[in-house]
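Open the model in your viewer and keep the selection panel at hand.

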Amino acid sequence: MKSVRAAELRLSLPGLLLAALGFLALLAPFMTLAANRIVAGEGLTAWHLAGPDVTLPGLIAIVSGLILGLFAAWPKARLIGATLGLAGIVWLLSQSASPLLEGAGEYARVSPGLGFWCLLAVLMLVMADAITSLSPGPRTRIALLASMLGLLAIVLGTGLLSDLSIMQEYASRKDAFHAAALRHLTLAFGSLASATAIGIPLGILCYHGPRLRKIALPVLSFLQTIPSLAMFGIMIPLLGWVANSYPAAKAMGIAGVGFAPAFLALLLYSLLPVVANMVAGLQSTPEKARDAARGMGMTTWQLLMRVELPLGLPVILAGLRIALVQNIGLAVIAGLIGGGGFGTFVFQGLNQTATDLILLGALPTVALALTAAILMDVLVELTNPTPRKAS
Amino acid sequence: MIEIDKISKTYDGVTAVDEVSMVVDTATITVIVGTSGSGKTTLLRMINRLVEPSSGEVRINGEATHTVAKTSLRRRIGYAIQGHGLFPHYTVARNIGTVPTLLDWSQEKIDTRVDELLDLFSMQPDKFRDRYPAELSGGQQQRVGVARALASRPDLLLMDEPFGALDPIIRAHAQKDLRHIQRTLGSTIMLVTHDMEEAIQLGDRVAVMDAGRLVQYGTPAEIIQQPATEFVAKMAGGVERPLRLLSLYPVSDIIEEGTAEGEPLDANTCLRDALSICLWSGRDVLPVVNEGVPAGRVTLAAIRARAEGPT
Ligand SMILES: Nc1ncnc2c1ncn2[C@@H]1O[C@H](COP(=O)(O)OP(=O)(O)OP(=O)(O)O)[C@@H](O)[C@H]1O
Ligand SMILES: [Mg+2]
């Protein structure tokens, strides 16, 4: 009995580390108050934000969340702790913004500070760690993701955070933001779709032709090593020349700057993961199974469709996952050459030294990438060709 | 009838199969036996063209295999690969139904056939039909592999060490079943093994291979009594040869008039088992019954006479 108790009370090592970081983060400024959107603000620790009626519940939630995150044997407690802690920091953020702004001047801005971001990271890690130990099935993972996104939508939709500087940046450019979101998605998914349309047949050809494979894969991995800025540097004059020489291309919207070069760059970057994983996926069929298929009279096409593709699907989808997450991140660069997307805000913010405008571009990108990664992971798991072996 | 005509396979200067010629009669079991690396698998795979011969040709019922499209040739020939080669993402039922599906059988007909085959290999259909290969034991996987080769009732069956992973009891059972299937359907079977015991038990004819060459091709009795080379003699069992020889004949072959004391013997028992019973029970004569009716007796001396090698 005793040993069981001891095991249950055992502390989780990552939990300890994260809790220590969390408590350290509490000492850092939780929010900053600045005279306007450009100047650096003054940092305020969590207990200086407002009266105890606001700070106390928040601090209690954060501290108890961090403590709940310690128990190695109870991943559910850790999950609840992380949720509680997140609720605590959102509470502090939402409840102290307007009191801080009061009397601080017309242009004053409040923003989350270093402490907030560190706590957010720590609590997310506690949550990820707890979810990993719970190893939920694909359906539960989708449900968890949906509830997180739902909560985020509620917090944003109800205007709880609308006094924050980043939300003010959003409020003043709502239409631009929505256009950027749409453009970002178009860039990321459109280039992935084109890369898939090219990469899958190319992967199949590479799989069947070792000679093509020996040329194509090194070329694609070379493309991958070109820094994105250099890639645009090549693309801009190249597409500019195409647009100038072929009026038809120009009419289709191809130009040296803007959407076309960004799209093309993303497409080139995503070819390697798509093609390489396609080849690896097809190769993953056991040699004996392939042999048996041929021995029973399957044609090359039947072998591909009935055996090699289904068996390689998880690896192939893992390639699409890499490409998609990479594209969502890289699409930010499009903002630099007028290609649109969330990158527009990032580069505007950099020019104006307006941190919150940078964040208005960066945070949705991160959220999008995370969501895509989780969804694709679930998809990879669902396509496992021998379902019961996995469970 | 399958005619293998001076067939050879060379891999980068290494000869895996060296000018092998043999004729396999329809509705017989031919067992190819040899040590590891002697070219058995290569020879077998040249028949369904999974390996293209470097020279020579194979004719099935007079038709040269290289004149037929590979896929349709292979769909006519059952093939049980060495080490099962089941599709990991298919259930047992879908694995067995692979060739019938390629041949566009109706689903109903396929389902019936799958259950029939599972029954035949002592695997309850209800229990095994929907499992994945990873959920089977090695022996079960191998039986499914053989069942898959039989699924479309091919006239010609190529089997590469189909019983390698089976324990002796299941193995004997499976060999008997294969015999039975072959007798009832009249199929032609070419089976590869490295186990001479299996070759002698199962084969109408035995082909012994050594370093890519066919060193002897004959009935099991010929292989044992007149081994063509030292190697064949060694393969045939050395000191165990008389016992192997006895295992080829039933008691009914040497039955004589008269009676004897003790537990009777069935006329279909092989002479090796009869000898064993003599030694174990200390008797020199055993009574024989045929389907329960007394049929005479068999003597230890007669058994001994059958076990003598050529002098
Ligand atoms: N694809 C290949 N490339 C090169 N050499 C090969 C190839 N396949 C077989 N060989 C060689 O041919 C010879 C005969 O091989 P094979 O597989 O026919 O032997 P086997 O009698 O079936 O042996 P085992 O009992 O171990 O299965 C071996 O020496 C082997 O190394
Ligand atoms: Mg072999």
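Select Ser111(A). With a relative accessibility of 10%, this residue counts as buried (buried is under 20% relative accessible area, exposed over 50%, partly exposed in between; 1.4 Å probe, protein chains only). Ser111(A) sits in strand β3 of chain A, residues 109-112. Strands here are DSSP runs of E with at least two residues, helices are runs of H or I with at least four, and both are numbered from the N terminus.

Before moving on, two notes on conventions. The model is predicted: local features need pLDDT of at least 70 and side-chain atom pairs count only at pLDDT 80 or more, while totals for chains, interfaces and linings use all residues. Residues are numbered from 1 along each chain as its sequence is written, chains are lettered from A and ligands numbered from 1 in the order in which they are written, and side-chain values use heavy atoms, with hydrogens and water left out.

Now show the neighbours of Ser111(A). Leaving aside residues up to four places away in sequence, Ser111(A) touches Met31(A), Thr32(A), Ser165(A) and Asp356(A). Contact means heavy atoms within 4.5 Å.

Next, colour chain A by domain. Domain 1 covers 2-161 and domain 2 covers 174-382, with bounds from an automatic or database domain assignment. Their contact takes 10 residues from domain 1 of chain A and 15 residues from domain 2 of chain A. The C-alpha centres of these two domains lie 34 Å apart.

Zoom out to all of chain A. Look for 17 helices and three strands. The C-alpha trace spans about 75 × 75 × 30 Å along its principal axes. Of its 391 residues, 46% count as buried. Among contacts in chain A with a separation of 6 or more, 75% join residues 24 or more positions apart.

Switch to chain B. Its domain 1 is 2-238 and its domain 2 is 249-307. Their C-alpha centres are 35 Å apart.

Last stop: select ligand 2, the magnesium ion. Which protein donors does it have? They are Thr41(B) through OG1 and Gln82(B) through OE1, at 1.9 to 2.4 Å. Thr41(B) lies in helix α1 (40-47) of chain B and Gln82(B) in the loop between β6 (77-80) and α3 (92-96), so the pair ties together parts 41 residues apart in sequence. Donors are N, O and S atoms within 2.8 Å of the metal (3.2 Å for Na, K and Ca); water is not among the atoms, so sites may look incomplete. Thr41(B) is partly exposed at 25% relative accessibility. Gln82(B) is also partly exposed, at 29%.
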